[in-house]
Amino acid sequence: MVDYNALNEITQNIKADIKKNINASAYSLWFESMDVLKITDLVIAVSVHTEVMRKNIESKYKNYIIGAVKNLYDLNVQVIIYSTQDGKIQKERIDADERSLIIRDIKEIETPGSFIPAENRELGEFITNNNTFGLDGADINRHTSLEYTFDNFVVGSSNRLAYKACTVVAQYPAIKYNPFFIYGPSGLGKTHLLYSIANEYTQRFKNVRVLYTNGEEFTNSLINSLAEKERHQKQQYLQYFREKYRSCDMLLIDDIQFIEGKDSTQEEFFHTFNALYTAGKQIILTSDRPPRNIKTLEDRLTSRFESGLIVDIQPPDLELRIAILKRKSEDMGIKVPNDVLFFLAENISSNIRQIEGAIKKLNAYSYLNNSGITLELAKSSIADILSGTEPINVTVEKVMSLISQAFSVPQDELKGRKRTKEIAFARNAAIYIIRKITDLSLPKIGKIFGRDHATIYSAINSIEEETKINAPLNNQIEEIAKLAKS
Ligand code: ADP
Ligand code: MG
């Protein structure tokens with residue numbers, strides 16, 4: 001974090017030194033309002049209020065700053081000057097380390113010949129056509145965020161709607177769907193889509209400012225502002241916080257559910273939301289659940305969220321899992337045989353992050369063992385990943401045991417030949433649930449029950465029909481399915 005106290009003191013010292021060496025009117029014209037944003041042993045960054053001031057200091061008075069730093073700290077620095085003319089902070093970034101920089105006007109950085117401190121250079125990669133793509137939060141990897149694009153997002157039935165809506169938002173920001181809300185369980189590509197929008201949007205439009213943050217970071221930086229004891233400072237921080245979030249063209253907040261139950265954060269977010277919304281700016285939010293299910297989210301926020309478009313992402317079906325596996329392994333340049341692809345796709349069923357992890361791990365194993373990727377290798381190398389989820393056969397066993405309890409039918413009869421009404425019904429119910437909660441094909445389910453796939457098909461149909469007219473049965477089946485999945 002920035003040490004504001006230290007910066008204040010440095011600012012005062014430098015200004016006092018300049019004051020000593022320059023005539024009074026020049027000082028009050030050009031330096032009175034100057035702030036020091038950062039100082040390292042290589043560079044000092046300062047901000048002044050107007051563009052005129054900036055240009056003038058740049059062309060005529062820069063040496064006073066260089067001189068002051070030399071006098072006071074015995075450092076030979078380069079000077080970067082930013083103007084905050086329009087009162088908006090265009091880009092802000094706080095380095096994780098002590099040598100922090102708050103950049104107030106990103107365009108300055110691109111001015112040819114201006115000095116870009118090394119630790120800031122990668123920032124330039126984020127700027128296309130004068131765009132700013134602000135990232136809040138230290139743990140966000142800038143390179144990763146650039147890698148997340150629509151191009152490398154694999155589309156299937158479970159995420160098609162979300163994908164489509166995201167591409168529309170990137171093309172018609174604040175016109176089509178505003179606010180735009182994506183929800184779904186962890187690891188299914190919400191953050192990927194969020195970044196894709198930002199990347200696409202900054203490529204399409206010039207001079208736009210994008211701010212990405214997440215619910216946690218938003219809350220923390222607000223808390224930091226509120227925690228300041230000194231009144232004046234506190235107001236400054238708060239103002240700074242507000243300007244930052246209200247001065248962008250597109251605000252993306254990932255995992256907004258984090259603000260659940262945090263009253264002052266919700267209050268602040270509400271105002272941010274309104275300010276951006278009425279100014280015609282795009283707001284995009286993600287969450288692990290729909291707005292209605294975020295407990296203690298104020299009604300007025302819920303209804304704001306619901307006034308736009310809400311889409312969900314579902315866990316990937318087998319087809320999409322295979323497609324993703326294929327795509328990811330190709331991207332990584334590794335050859336994964338089909339049987340291994342199927343093994344992975346069948347066994348890692350709910351989370352794409354895990355699918356990715358499995359391929360990476362497999363790749364590392366095969367490299368270390370100096371061997372090709374085989375089914376054997378796959379089985380042993382992803383054992384720990386599998387234990388996190390659950391192999392399909394465990395799920396199947398659970399269904400069998402739950403059904404046997406619920407319908408008072410011995411478990412082995414479910415797979416047996418008996419065709420009494422009770423047993424056949426319980427068997428059909430088990431088949432129906434397995435089909436519902438796993439991606440096993442009809443022939444595979446058939447194998448488990450020693451029946452052909454046509455029998456499985458009609459079993460599923462008969463239960464499906466029954467659940468439509470029999471609510472208690474429907475509830476019971478839902479309940480069992482839920483338990484078997486957990
Ligand atoms: P979430 O934010 O929903 O928890 P992420 O966006 O972080 O999920 O996705 C987890 C990982 O899975 C990321 O590396 C992402 O690139 C990858 N991923 C998710 N969905 C897809 C997809 N449809 N195509 C390609 N990669 C995906
Ligand atoms: Mg995420």
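This is a predicted model: local features need pLDDT of at least 70, side-chain atom pairs count only at pLDDT 80 or more; totals for chains, interfaces and linings use all residues.
Q: Why is Glu268 called buried?
A: The cut-off for buried is under 20% relative accessible area, and Glu268 has 7% relative accessibility, so it counts as buried. This residue is found in helix α11.

Q: What surrounds Glu268, leaving aside its neighbours within four places in sequence?
A: With those neighbours set aside, Glu268 is in contact with Leu222, Phe241, Arg242 and Arg246.

Q: What makes the pair Lys444 and Glu346 a salt bridge?
A: The rule asks for a side-chain nitrogen of Lys or Arg within 4 Å of a carboxyl oxygen of Asp or Glu, and the closest N and O atoms of Lys444 and Glu346 are 2.7 Å apart. The pair therefore meets the definition of a salt bridge. It links distant parts of the chain, with Lys444 in helix α21 and Glu346 in helix α14 (residues 338–347), 98 residues apart. Lys444 itself has a relative accessible area of 38% and is therefore partly exposed, since that class lies between the 20% and 50% limits.

Q: Which residues are joined into one network by salt bridges that share partners?
A: The network consists of Arg242, Arg246 and Glu268.

Q: How do you know that Glu267 and Arg300 form a salt bridge, and where do they lie?
A: Their closest N and O atoms are 2.7 Å apart, to be set against a limit of 4 Å, and the pair is therefore counted as a salt bridge. Glu267 belongs to helix α11 (residues 263–278) and Arg300 to helix α12 (residues 299–306), and the two are 33 residues apart.

Q: Why is Glu267 called partly exposed?
A: Its relative accessibility is 34%, which falls between the buried limit of 20% and the exposed limit of 50%. Arg300, with a relative accessible area of 28%, is likewise partly exposed.

Q: Why does the salt bridge between Arg292 and Glu306 tie together parts that are 14 residues apart in sequence?
A: The closest N and O atoms of Arg292 and Glu306 are 2.8 Å apart; Arg292 lies in the loop between β8 (282–287) and α12, whereas Glu306 lies in helix α12, so the bridge ties those parts together.

Q: How many salt bridges does the rule give?
A: The count comes to 18 salt bridges.

Q: Why is Leu320 called buried, and what does it touch?
A: Leu320 has 3% relative accessibility and so counts as buried, the limit being under 20%. Its place is in helix α13 (residues 318–331), and, not counting residues up to four places away in sequence, it touches Val154, Val155, Gly156, Ser158 and Asn159. The C-alpha atoms of Leu320 and Ser158 are separated by 8.1 Å, although these residues are 162 residues apart along the chain.

Q: What makes up the largest nonpolar core?
A: This core has 31 residues, and those with the most contacts inside it are Val399, Ile403, Phe407, Ile433, Ile434 and Phe449. Two or more residues each come from α18 (392–406), α20 (421–437), α21 (442–449), α22 (453–469) and α23 (471–485), and α20 gives the largest share, nine residues. Ile434, leaving aside its neighbours within four places in sequence, is in contact with Val396, Val399, Met400, Leu440, Ile445 and Phe449.

Notes:
Residues are numbered from 1 along each chain as its sequence is written. Chains are lettered from A and ligands numbered from 1 in the order in which they are written. Side-chain values use heavy atoms; hydrogens and water are left out. A nonpolar core is a set of buried Ala, Val, Leu, Ile, Met, Phe, Trp, Tyr and Cys residues joined through side-chain atoms within 4.5 Å. Buried means under 20% relative accessible area, exposed over 50%, partly exposed in between (1.4 Å probe, protein chains only). Helices (H or I, at least four residues) and strands (E, at least two) are DSSP runs, numbered from the N terminus. Contact means heavy atoms within 4.5 Å.
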